[in-house]
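Here is a friendly walk through one protein model, written for someone who likes cut-offs stated plainly. Have the viewer open as you read.

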Amino acid sequence: MASKSKSRWADDEADAALEAQRKKEKEEKKRLKAEKARKLEAERKAREAAVAAAASTSQQAGDDPDRGPPTKRRRISPERDEPPQTSGATTTTDSSNLLRFEGGKFGRSRSVENYDKLNDIEEGAYGWVSRAKETATGKVVALKRLKMDPKDRSGVPVTGLREIQILKDCDHRNVVKLLEVVVGDDTNKVENIFLVLEFLEHDLKSILEDMPSPFLASEVKTLLHQLTSGLAYLHDHFILHRDLKTSNLLLNNRGRLKIADFGMARYVSDPPPANLTPLVVTLWYRAPELLLGETRYGPAIDMWSAGCVFGEMLTREPLLQGRNEVDQLTKIFELCGTPSDETWPNFRRLPNARRLKLPPRPTPSSVRAKFPLLTTAGASLLGSLLSLDPSRRPTAHEVLEHEYFQQDPRPKAEAMFPTFPSKAGQERRRRRETPEAPARGAQVSSGMDFGAVDFGGIFARREREERGGGFSLRMV
Ligand code: ADP
């Protein structure tokens, strides 16, 4: 019995110790769990605060026209810009090629359900732009669905990421404002990502097509000045637009022009890297160095496009409407003269220029003859923007200082600008007659062998056809 009792005591003591140990461990576990929950809650709150801060920043960026420009930034997009190789080799993902975003700037996106679609503005093969109204505020905006890469539907295309990144960074009166990025119900689908942009009633292409009489000289000056101000801002911040054309220039009913569509834009270092893709910019607005295969280019390619837009504003039709790359180059040489070692030193080093056959004597520019009504200052500005040699084109800042803007008639005040009926505000459009900017990953040249093209022969033949009419055959 004694032994039984001893043993019972012994068991009770051991049990009690075990019980105490268990209790202690349980309490410690509970404490750790509570601490973890507290930590998680604190992290969640911090995240929410960051999202709210980011949202209010982007809201302010959308609403406050006087906010200062973003600080100049280092290039954060990858150097390599060429289309991916499709040689059949297995593609490896190199993390150094991925875009990097600054942390903490992107909050959780709201739903597209916060907007009611009013009407389609533009519908293309892969994306569309609609006019929409924010349900809560009644504010009218433009909703742009992010374009998919037709060849690769596995993720957000780099062009879309760049468009969002660059628009988020920009704050200038002549650059369209990104108000927010929203998502559809199925957030797994890339085509369910939408940019909410401030709405502008017109694009310049539609206005030029529909207006009964051309812009007055004072109006052209205002528009060109605004375009160049926007470009100066972009170039100051190391951004190349790479797809300037009249359909990408928006105009509101108060005479304000804004540069839009940053789908081809990117940050570039200064000096630019040597491996950029030359397959950028819609053909009719593409600079000659790009047509000749230049891979180290800079802001001058946008200045060439600005020259094309300037000419288009004067004549109301695109200046250089090539059918393909060779024809585009032919039209450029007809208007701007053929290149020589004097007018464009070193152009022969460009990949597509090495075997070019040019007329024995370089032909002069005929910009002046094509625009007889333009003032001397205007013709000299247009001629300089359309310099074959990119280093001879003026920078955006130099254009802003040009005497063309000082001379009478002076640029018209924006408030005095005429208003036009808004197509974007009312009706659906399907408009695809202007060639598109090249898709990423396309071949650099559309199979044309520039070396096989005898420009001397083309010019000689056209000259014969025109019976000695020089190269002004398309000039009216
Ligand atoms: P995509 O990259 O699909 O060509 P864009 O950004 O160039 O798209 O827009 C296509 C057209 O949609 C423009 O030419 C313009 O008519 C219209 N659009 C684009 N953004 C706006 C906007 N913010 N406000 C009004 N219309 C717009």
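## Cis peptide bonds

Pro 409 sits in the loop between H10 and H11, and a cis peptide bond joins Asp 408 to Pro 409, with omega at about -10 degrees. The element labels follow DSSP runs numbered from the N terminus, where helices are H or I runs of at least four residues and strands are E runs of at least two. Another cis bond runs from Asp 270 to Pro 271, with omega near 0 degrees; Pro 271 belongs to the loop between E11 and H5.

Before going on, a word on the ground rules: this is a predicted model, in which local features need pLDDT of at least 70 and side-chain atom pairs count only at pLDDT 80 or more, while totals for chains, interfaces and linings use all residues. Residues are numbered from 1 along each chain as its sequence is written, and side-chain values use heavy atoms, with hydrogens and water left out.

## Overall picture

The protein has eleven helices and eleven strands. Of its 476 residues, 48% are buried. Here buried means under 20% relative accessible area, exposed means over 50%, and partly exposed is in between (1.4 Å probe, protein chains only).

Among contacts with a separation of 6 or more, 71% are between residues 24 or more positions apart; a contact means heavy atoms within 4.5 Å. The accessible surface comes to about 24900 Å², and carbon and sulfur atoms hold 52% of that surface. These areas come from the Shrake-Rupley method with a 1.4 Å probe, and for residues only the protein chains shown count as cover.

## Aromatic rings

There are six aromatic pairs in the structure. Rings of Phe, Tyr and Trp (its six-membered ring) pair if their centres lie within 6.5 Å; planes under 30 degrees apart count as stacked, over 60 as edge-to-face, and the rest as tilted. One of the pairs is Phe 215 with Phe 417: the ring centres are 6.2 Å apart and the planes meet at 50 degrees, so this pair is tilted. Phe 215 is in the loop between helix H3 (204-210) and helix H4 (217-236), while Phe 417 is in the loop between helix H10 (396-400) and helix H11 (455-465), so the pair links distant parts of the chain, 202 residues apart.

Lys 117 lies over the face of Trp 128, at 4.5 Å from the ring centre, and Arg 131 lies over the face of Phe 199, at 5.9 Å from the ring centre. The criterion is NZ of Lys or CZ of Arg within 6 Å of the ring centre and within 35 degrees of the ring normal.

## Salt bridges

The structure holds 20 salt bridges, each being a side-chain nitrogen of Lys or Arg within 4 Å of a carboxyl oxygen of Asp or Glu. Arg 110 and Glu 134 form one of them, at 2.7 Å from N to O. This bridge links strand E1 (residues 110-111) with strand E3 (residues 128-134), its partners being 24 residues apart. Arg 110 is partly exposed at 33% relative accessible area, whereas Glu 134 is buried at 12%.

Arg 286 and Glu 325 meet in another bridge, at 3.5 Å from N to O. Arg 286 lies in the loop between strand E11 (266-267) and helix H5 (288-291), and Glu 325 lies in helix H7 (residues 325-336), so the pair ties together parts 39 residues apart in sequence. Both Arg 286 and Glu 325 are buried. Within helix H7, Lys 331 and Asp 327 are four residues apart, about one turn of the helix, and they form a salt bridge with the closest N and O atoms 2.7 Å apart. Lys 331 and Asp 327 are buried too.

## Cysteines

How many disulfides does the structure hold? The count is zero, where a disulfide is a pair of cysteine sulfur atoms within 2.5 Å. For Cys 308, the closest cysteine sulfur is in Cys 336, 8.1 Å away, which is too far for a bond. Cys 308 is buried, at 1% relative accessible area, and Cys 336 counts as buried at 11%.

## Positive phi angles

Arg 242 is not a glycine, yet its phi is positive, at about 65 degrees. Arg 242 lies in the loop between strand E8 (239-240) and strand E9 (249-251) and is buried, at 2% relative accessibility. Asn 346 also has a positive phi without being a glycine, at about 70 degrees. Asn 346 is in the loop between H7 and helix H8 (367-370) and is exposed, with a relative accessible area of 55%.
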